[in-house]
Amino acid sequence: MSGTVNGNLLQAAEVHGDVYLAGPTPSRTPPYQLPRPPRHLAGRERELGELDALLGTVDAVVLRGPGGVGRSALAAFWLRAVAGKFPGGVLHAELTHPGGEPLPAEDVLGRFLRALGVPADEVPATLAERTALFRSTTALEPVAVLLDDAVSAAQARVLLPAAPGSLAMITTSQPLLGLVASGAAVVAVGPLADAGALELLSGHLGAERVAAERGAAEEVVALCGGLPIALCVAAALIRARTRRTIAWMADRLRDARGRLDVLSGEDDCSVRATFDLAYRDLPDRAKAVYRVMGVHPGALVPAELAAAAVDLPVEDVAEALDDLVEACLADEVDRGWYQLHGLAHVHASSVPAEDAKRARTARALVDWYRDAVRRAGDLVLPARRHGPPPPRAASDPAGALDWLDRVRGDLGPVLRLALAHGLHHHVIDMCDALKGFFIVRKHYVEAIEVYELTLVAALATDDLTAEIGVRRRLARAFSRLGRAADAEGQVRAMIASAQAHDDRRAVAKAHESLGLLHRDQGRTEAAVEQLEISLAMVRTQDRPRGEALLLLELGIVLTEVDVDAALARLVAARAALIVLATPDEYNAARADLAEGRIRLHRGEVQQAGVLLHRALAALTAHGATREAANAHLALADWATRAADPDAARWHAGVGADLLGGPGRAG
């Protein structure tokens with residue numbers, strides 16, 4: 001054969017059977033199917049760092065987080081930056097239809113195979129055959145695959161490329177335990193922190209505009225719960241009209257009932273639709289718990305509370321709460337304590353339900369809180385005991401105080417819920433039970449909120465005893481915060497109500513409150529006068545504990561003017577407090593502390609040491625942080641006088657540390 005030959009050439013003496021002539025495989029461009037990533041990704045430094053560290057070490061990464069949190073944007077942004085590591089191409093598929101139905105894996109495989117150069121008429125028909133061909137096609141060069149909104153491990157597993165160095169990134173709100181068990185890494189993607197959320201707003205609206213309306217921008221970030229989809233919708237609505245401001249958007253978002261409507265436009269950019277889909281896929285039991293959490297006005301939901309509201313065993317409700325965590329609608333902030341994400345709570349509160357059913361749920365929630373708070377209060381002040389310890393609280397005063405500290409942010413919202421449903425006596429009961437908590441932990445700001453709500457309930461029910469008690473506590477809290485005029489206003493109102501009802505017990509309490517107010521104002525003589533008047537009245541009323549507490553307060557006040565008289569009253573107070581049917585060990589320790597200081601000042605070092613150590617032990621056991629700190633500081637002085645400098649330094653250090661603890665809050 002001579003000359004020039006173009007094309008295929010076959011030279012043979014004989015040819016038998018079928019002959020197929022195939023030319024060279026035409027060159028192709030590797031597919032690049034990534035959706036357009038954001039130009040700048042705000043607030044995801046942690047997640048990007050984790051992904052960088054995982055590159056080349058795993059063949060699958062699960063980006064897990066709630067809908068609208070920006071999982072796909074994060075994946076696309078990062079994959080674009082590392083696309084050069086995948087010469088075989090970068091593939092992308094949505095694994096869920098817009099309506100929420102899962103996309104069949106064989107359909108996705110068909111699209112992937114065609115994108116990788118397999119002719120359409122050579123794509124097999126069955127899932128098994130397509131899976132095998134996909135593995136063969138991706139066996140030579142590393143390929144990256146982005147799989148959005150996977151609903152199961154089985155759906156995603158058949159879409160993993162085969163070549164070493166390949167990577168599948170799967171975004172989901174599901175746990176996908178099958179993939180994780182097979183070695184997939186998990187990167188959690190949550191709502192943006194404040195700084196990242198403000199950065200995202202700045203990217204949409206301009207840094208200068210956000211800086212000029214910083215306060216309004218921070219409010220929008222908080223009301224959107226740091227959820228990127230919500231922030232993007234808010235920014236788009238602001239940009240839609242030239243005269244709209246960030247403050248305008250903040251004003252529209254303040255009403256929780258309409259917040260989701262403001263943030264929900266078209267289905268592909270709707271915050272409500274995002275949560276609707278997540279709710280639809282929940283098991284029925286989890287849906288019921290989710291609705292309860294929507295009625296609950298506070299942040300934290302212990303498993304026992306949800307169980308009481310849905311009338312199911314705690315074990316079943318714990319599983320339902322875990323379902324909510326797995327659906328990325330809630331977090332378990334501590335063992336047995338759950339919290340819905342910010343906008344998820346707004347959505348849960350908007351799930352349709354009959355008014356009567358909502359009312360029953362609200363009643364169950366308030367009932368549970370009343371009982372739990374009363375039980376915790378019984379532990380703080382055992383003389384007022386009503387029943388067994390509260391759920392999840394230790395069976396001691398310090399444990400009960402810690403439990404109440406955990407829920408104190410929710411107390412105001414729960415009391416408002418009770419008032420809204422006419423449960424005035426529940427409000428009064430809870431306030432009464434919280435007295436010891438606020439006394440010991442000094443949370444005066446929260447105390448004022450609780451007391452003012454209780455005053456509404458007391459006046460609505462014409463309950464003089466409750467009114468006098470809550471005005472008395474309001475006066476103490478106002479006085480401690482330096483709001484003397486407000487404190488005096490409450491005392492004057494107490495006196496007026498007590499005299500109008502001719503209630504001598506209430507009059508005695510009014511004189512006591514006036515005496516304590518005078519003490520806080522430094523008017524010692526006037527304080528002693530009012531406390532003595534109250535003490536004389538109480539002695540005619542068969543109130544041994546009330547008499548002992550007045551003796552204690554008188555002893556503390558008299559320390560400034562008459563040490564001998566002060567000692568006499570403090571000794572009498574302690575003796576009376578420890579012989580009560582249920583000894584008041586907390587106030588007895590206060591008497592020991594006051595007496596120990598006087599003894600130390602008088603040079604009675606040995607007796608002072610006994611009193612101060614006894615006071616410290618009791619106050620520590622009761623979780624009385626501020627008083628325990630004062631006992632340590634007094635013991636530092638005692639140790640100095642006892643020529644023990646090491647003990648003096650230790651007590652001084654511990655006392656200073658404790659003054660920065662819970663006792664200073666409020």
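## Salt bridges

There are 42 salt bridges in this structure, counting any Lys or Arg side-chain nitrogen within 4 Å of a carboxyl oxygen of Asp or Glu. This is a predicted model, where local features need pLDDT of at least 70, side-chain atom pairs count only at pLDDT 80 or more, and totals for chains, interfaces and linings use all residues. Residues are numbered from 1 along each chain as its sequence is written, and side-chain values use heavy atoms, with hydrogens and water left out.

Take Arg46 and Glu47: their closest N and O atoms sit 2.9 Å apart. Arg46 is partly exposed at 43% relative accessibility, while Glu47 is buried at 4% (buried is under 20% relative accessible area, exposed over 50%, partly exposed in between, with a 1.4 Å probe and protein chains only).

Asp520 pairs with Arg519, with 3.8 Å between the closest N and O atoms. Here the Asp520 side is partly exposed at 28%, and Arg519 counts as buried at 19%.

Then there's Arg602 with Glu604, at 3.5 Å for the closest N and O atoms. Arg602 is partly exposed at 40%, and Glu604 is partly exposed too, at 24%. As for networks, salt bridges with shared partners link Arg476, Arg480, Arg519, Asp520, Glu553 and Arg590 into one.

## Cysteines

What about disulfides, meaning cysteine sulfur pairs within 2.5 Å? The structure has zero of them. Cys328 is in no disulfide, and its nearest cysteine sulfur, on Cys232, is 19 Å away. Cys328 is buried, at 7% relative accessible area, whereas Cys232 is partly exposed at 25%.

Key: Disulfide = S-S within 2.5 Å.
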